Amino acid sequence: MAGDENKISVGMKRERERGPSFPFIGLEKAVERTRELYAKAKRFEVRLSDAAADWNYGAKSSGAFQTAAALLAFGLIEDIGSGEGRKLKVSELGWRIIVDDRPGMRQKHMAEAALKPKLIAEFAERWREGRPDDSHAISDLKFEHGFTDDSAPRFLRVFDDTIRFTVPEDTYKIEEAEMAKDEAFSNFLTNASGQRGGQVVPLDAATDSKKGISLMVGERELTTGILSKSGASFRLIVRGTVGEKEIERLIKKLELDKEILADADEDPADGDLGQ
C-alpha cells in the first residue's frame, strides 16, 4: 500500500533525482484537468487508467501519474483504495471550483487550493513581501533547498502560475481613467518595456510596510514616481514573470483608454446637463 501511495503522490521520479516534490503543473492547468475528469465521471470513482484516458495519457504513462499527483496535491481530487483497486474522484473542493458561480466563491476556493501543496505554501510565506528575481530565486532554491538545475526553474513556473490565485481579484483594480489622462505615465511604460512589467496600482491602494500597508504575496515594487505637480503619483508593482509583450499590451490598453477619455472630454453634451 505504501508503494502505491508513493507512486501516485510523488510520480515517476525519485525525490533525489528532481529535488523536493511539488505539483508538476500549476493550479490553472490542474483545474482544467479536474474539469476534464468531471465532464466524464462527474463525482463518481474511476480507475487511474480511465482518468488517464480523459487526460489523453496512456494508462501507465508518467504524465498520468504526475497529473494525478498534482491534482491530489491541490486537493482537487481524492484517492480511494489501494493497489489495482485504487480509484480517483473529484473532491468537494474541486467540484466547487468547477460549479460554484456565486460572486467571489470560485476565487475563494482557488485560493484555498493554491496553498494546499506544502512547498508552495512554504515559499508563499517565505516570499510574502515579493519573490526575488528569477536568477536569485533559482540560486536560492538550488543551494539552500536542494532543487536541481531542472526542477528549480520549473518550480518557479508552477509557483507563479499558482500563487496568483491567492490574491483577491479586487486587489488589482486600476484607476485607469486617471492614469490614462497623463501622457507621462505612458512614456514611462514605453521606456521600461525592456524590463519586467507588472501591475499598476494607485498610490493610495497599496503602500510599503513603512506606511502601514504590505504588498500582497508574490509582489514586488519596481518603481514609484510623480505624475503631476498637483500631487498625482504612481506605484508600479511587479508580480510573477511578465515580459515585453505584456508591457506592450498594457501600453496599448492605456493608449486606447486615453483616446476614449479624450473623445468624452470633447463631447459638447457633457456641458449641457444642467449641473
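## Overall make-up

The predicted model contains 13 helices and 6 strands. Of the 275 residues in the protein, 40% are buried, and the accessible surface comes to about 15400 Å², with carbon and sulfur atoms accounting for 49% of that area. When contacts between residues at least 6 apart in sequence are considered, 66% of them join residues at least 24 apart.

## The pairing of H6 and H7

Two packed helices are described by the angle between their axes and the distance between the axes. For helix H6, which covers residues 92–99, and helix H7, which covers residues 105–114, the axes come within 9 Å and cross at roughly 145°, and the crossing is left-handed. On the H6 side the contact is made by Leu-93, Arg-96 and Ile-97, which meet Arg-106, His-109, Met-110, Glu-112 and Ala-113 of H7. Sorted by class, the residues of this contact are 4 nonpolar, 1 polar and 3 charged.

## Thr-162 and its surroundings

Thr-162 belongs to helix H10, which spans residues 151–163, and it counts as buried because its relative accessibility is 0%, where the cut-off for burial is under 20%. The side chain of Thr-162 reaches the backbone oxygen of Val-158 at a distance of 2.8 Å. With residues up to four places away in sequence set aside, Thr-162 touches Gly-26, Leu-27, Phe-74, Ala-114 and Ile-120.

One of these partners, Gly-26, sits in the loop between helix H2 (15–18) and H3, and with a relative accessibility of 9% Gly-26 counts as buried. Beyond its neighbours within four places in sequence, Gly-26 is in contact with Phe-74, Val-158, Asp-161 and Thr-162. Gly-26 and Arg-157 are 131 residues apart along the chain, yet their C-alpha atoms are separated by 7.5 Å.

Apart from residues up to four places away in sequence, Pro-117 touches Pro-23, Ala-73 and Phe-74. Pro-117 and Ser-21 are 96 residues apart in sequence, while the distance between their C-alpha atoms is 9.4 Å.

## Two residues with positive phi

Most residues other than glycine have a negative phi. Lys-42, in the loop between helix H3 (27–41) and strand E1 (46–47), has a phi near 55°, a positive value in a residue that is not glycine. At 41% relative accessibility, Lys-42 counts as partly exposed, since that class lies between the limits of 20% and 50%.

Asn-56 also has a positive phi, of about 65°, although it is not a glycine. This residue, Asn-56, is found in the loop between helix H4 (48–54) and helix H5 (62–73), and it counts as exposed because its relative accessibility is 72%, with exposure taken as over 50%.

Note on methods:
Residues numbered from 1 in each chain as written. Predicted model: local features only at pLDDT ≥ 70, side-chain atom pairs only at ≥ 80, totals over all residues. Heavy atoms only, no water. Axes fitted to C-alpha atoms, helices over the stretch in contact; angles between N-to-C directions. Helix = DSSP H or I, 4+ residues; strand = E, 2+ residues; numbered from the N terminus. Left-handed = near helix turned anticlockwise from the far one by under 90°. Contact = heavy atoms within 4.5 Å. Nonpolar A, V, L, I, M, F, W, Y, C, P; charged D, E, K, R; others polar. Buried < 20%, exposed > 50% of the residue type's maximum accessible area, 1.4 Å probe, protein only. Areas by Shrake-Rupley, 256 points an atom, 1.4 Å probe, with all protein chains shown as cover. Polar contact = N/O pair within 3.5 Å; in protein donor to acceptor, adjacent residues only side chain to side chain.
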